[in-house]
Structure formats: structure tokens, C-alpha cells
Amino acid sequence: MRFEGKAALVTGGGGGIGSAIALRLAEEGAAVGVLDRRGEAAADVAVRVEAAGGRALALAAEITDPDSVAAALTQMTDAIGAPDVLVNNAAWAVKGDLESTALADWQAELQIDLDGQFVCAKAVLPGMVACGAGAIVNIGSVNGLVALGNPAYSAAKAGLLSFTRSLAVEYGPKGVRTNMVSPGTVETDIETWRIRREKNPQIFDQLARWYPVGRVGQPEDIAAAVAFVAADEAGFVNGANLVVDGGLTAGLPVMIEELILE
Ligand SMILES: NC(=O)c1ccc[n+]([C@@H]2O[C@H](COP(=O)([O-])OP(=O)(O)OC[C@H]3O[C@@H](n4cnc5c(N)ncnc54)[C@H](O)[C@@H]3O)[C@@H](O)[C@H]2O)c1
């Protein structure tokens with residue numbers, strides 16, 4: 001019950017990883033604001049949280065719109081309290097390579113995957129600073145660390161790591177810790193995976209050979225890491241990037257197989 005008496009705002013809470021984060025934080029005592037531009041998905045997750053014995057409020061909002069985020073924050077503060085924890089989890093990716101990425105695509109992905117996180121952080125920071133405490137968790141990606149396709153999304157995630165560090169250094173002295181959790185492949189219906197799975201239903205099984213742990217990730221793997229960095233016991237963890245990728249970026253297992261010829 002590391003979040004007893006606390007409130008947590010999870011953006012993209014209606015999606016695969018966001019819903020697992022909402023369920024996990026609620027299971028550990030947090031009242032959770034489930035924010036998503038798909039209001040119905042947010043409402044479904046809030047119902048699931050409550051069915052599991054937790055407390056949740058669905059918030060239909062668009063993270064790139066400061067007015068929409070401010071209205072959601074007011075609604076949350078009135079109903080379940082101001083956020084002690086913000087999980088900047090909402091994101092979107094669609095363009096697979098640079099050749100197919102037009103300027104408008106590049107800008108649209110950066111707007112959702114980087115500007116939106118700035119908007120949400122700016123919205124919650126005054127309240128956290130007034131309390132002298134808070135935790136922000138930005139959900140990054142291995143795409144922000146190495147080139148794996150989706151160039152606009154990847155640039156946004158790399159930018160989000162820099163933003164994480166800026167927040168950690170500027171707001172650490174005010175009691176607000178900021179960290180990043182960077183997942184590898186996680187089985188969800190995010191648009192990129194939905195499109196790839198339509199083309200190749202076996203994609204997750206095939207990708208498993210790149211993962212030293214022998215599998216791709218599940219949303220709950222990411223939720224556990226988020227709960228760790230957001231909790232008070234991680235009080236000395238600030239500005240970190242916790243890579244949760246089963247060892248994907250630790251090495252090149254497929255190349256090692258080719259190297260070991262004896
Ligand atoms: N699934 C993966 O393999 C994977 C890997 C690395 C990182 N991630 C990251 O994990 C996070 C969650 O991804 P997911 O796989 O659960 O995706 P998802 O598509 O299942 O969930 C994302 C949610 O964010 C919401 N959303 C998108 N844009 C929004 C906006 N502008 N305003 C409000 N809500 C918005 C969507 O409606 C959706 O419910 C993202 O930050 C993603 O980049 C995912």
C-alpha cells in the first residue's frame with residue numbers, strides 16, 4: 001500500500017500500459033485519475049479499478065490542449081484530490097520510416113509524444129511544489145535510446161529523456177522527483193503494434209528472440225517499474241531512466257549466435 005492516501009494521474013490510462021499502471025497504483029492505495037482522449041476507454045478502466053476494490057475517476061481530455069488538461073485537473077482535484085503522482089504515459093506513433101514521414105506527421109507525433117508531456121507536467125507542478133512533494137514518471141521507450149524505426153516517435157522519446165532530466169534538476173530541490181521508465185516491446189494494441197500484428201500475427205513471438213529473457217513485455221511489467229520509481233521508497237531516485245526491456249538494449253543476442261561459431 002505504497003500509495004495509501006495519495007492521488008495519481010495517469011495519462012493514456014485507457015490504453016494497454018496505462019490501464020495496467022492505473023490498476024497497479026490503485027491496488028497499492030492510490031485514488032487514480034484515468035485520463036484519456038478516448039473517454040469511453042478511460043471510463044471502462046475506471047470501472048475495472050473500482051471492481052478490483054480501488055478508487056478511480058475517468059477524465060476525458062486531450063493532453064496537447066492546456067485548457068483540456070486544466071479542466072481535467074480541476075475535476076480530479078475536486079473529486080479525489082490533486083495528483084501526488086503524474087504518469088505521463090499517453091503517446092501515439094504511426095510513421096515507420098523517414099521516407100514516409102512528412103513534416104506534418106513529424107509535428108503531429110512530436111506534439112502528442114513530447115508537447116503533451118510538457119503540458120501535463122506544467123499543469124501539475126504548481127500543486128506539487130505547494131505541497132513540497134510529488135513524483136512524475138515519464139514513459140519513454142527503447143526507441144528513444146537506439147534506432148528501431150518510428151523516427152518522429154523516437155525523437156520525441158529521446159527529447160522526453162532530456163525533459164525528464166530538466167524536471168529532475170529544477171524541481172528536485174522543491175520536493176518533486178522525476179524519472180523515466182523506458183519499455184521495450186510490450187504487447188498492447190497501440191496503433192503501431194495493431195498495424196504490424198495485422199500484417200504478421202506472430203510478430204510478438206518472432207520478436208522474442210531479440211529479448212534475452214525470451215519474451216516481450218506485458219503491461220504489468222511496466223506498471224511494476226512505474227510503481228517503484230513513483231513510491232516514496234525511491235526517494236533518492238531522481239532523473240533516472242529505468243530501462244524495462246528484458247535486456248534488449250544490453251546486447252545483440254542474434255549477433256552473438258552468429259559470432260559463436262565454435
Ligand atoms: N507497447 C509498446 O510496445 C511500448 C513500448 C515502449 C514504450 N511504450 C510507451 O508506453 C506508453 C503506452 O503505450 P501503449 O502501448 O499502452 O499504447 P495504447 O495505444 O494502448 O495507449 C495509449 C493511450 O493514450 C491515449 N492517447 C493518445 N494520445 C492522446 C492524447 N493526445 N491525449 C489523451 N490521450 C491520448 C490513447 O487513446 C490510448 O488509450 C506510451 O508512452 C508508449 O510510447 C509502449
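Tutor: Because the model is predicted, local features need pLDDT of at least 70 and side-chain atom pairs count only at pLDDT 80 or more, while totals for chains, interfaces and linings use all residues. Residues are numbered from 1 along each chain as its sequence is written, and side-chain values use heavy atoms, with hydrogens and water left out.

Student: Why is α1 called roughly parallel to α2?

Tutor: Helix α1 (residues 16–27) and helix α2 (residues 39–51) pack at about 30 degrees, with their axes 10 Å apart; angles under 35 degrees count as roughly parallel, so α1 is roughly parallel to α2.

Student: Which residues make that contact?

Tutor: Ser 19, Ala 22, Leu 23 and Ala 26 of α1 meet Val 45, Arg 48 and Val 49 of α2, where contact means heavy atoms within 4.5 Å.

Student: What makes β3 and β7 the edge strands?

Tutor: The open sheet of seven strands has the order β3-β2-β1-β4-β5-β6-β7, with parallel pairing. Two strands pair if DSSP finds at least two bridges between them, and β3 (55–60) and β7 (241–244) each pair on one side only.

Student: How do you know that β1 pairs with β2?

Tutor: Five bridges join strand β1 (residues 7–11) to strand β2 (residues 31–36), and the two run parallel; at least two bridges are needed for pairing. Thr 11 stands opposite Leu 35 in β2.

Student: Which strands does helix α3 lie across?

Tutor: Helix α3 (residues 66–79) lies across β1, β2 and β3, running at about 160 degrees to β3.

Technical notes: Axes are lines fitted to C-alpha atoms, for helices over the stretch in contact, and angles run from 0 to 180 degrees between N-to-C directions. Helices (H or I, at least four residues) and strands (E, at least two) are DSSP runs, numbered from the N terminus. Angles under 35 degrees count as roughly parallel, over 145 as roughly antiparallel, 65 to 115 as roughly perpendicular and the rest as oblique.
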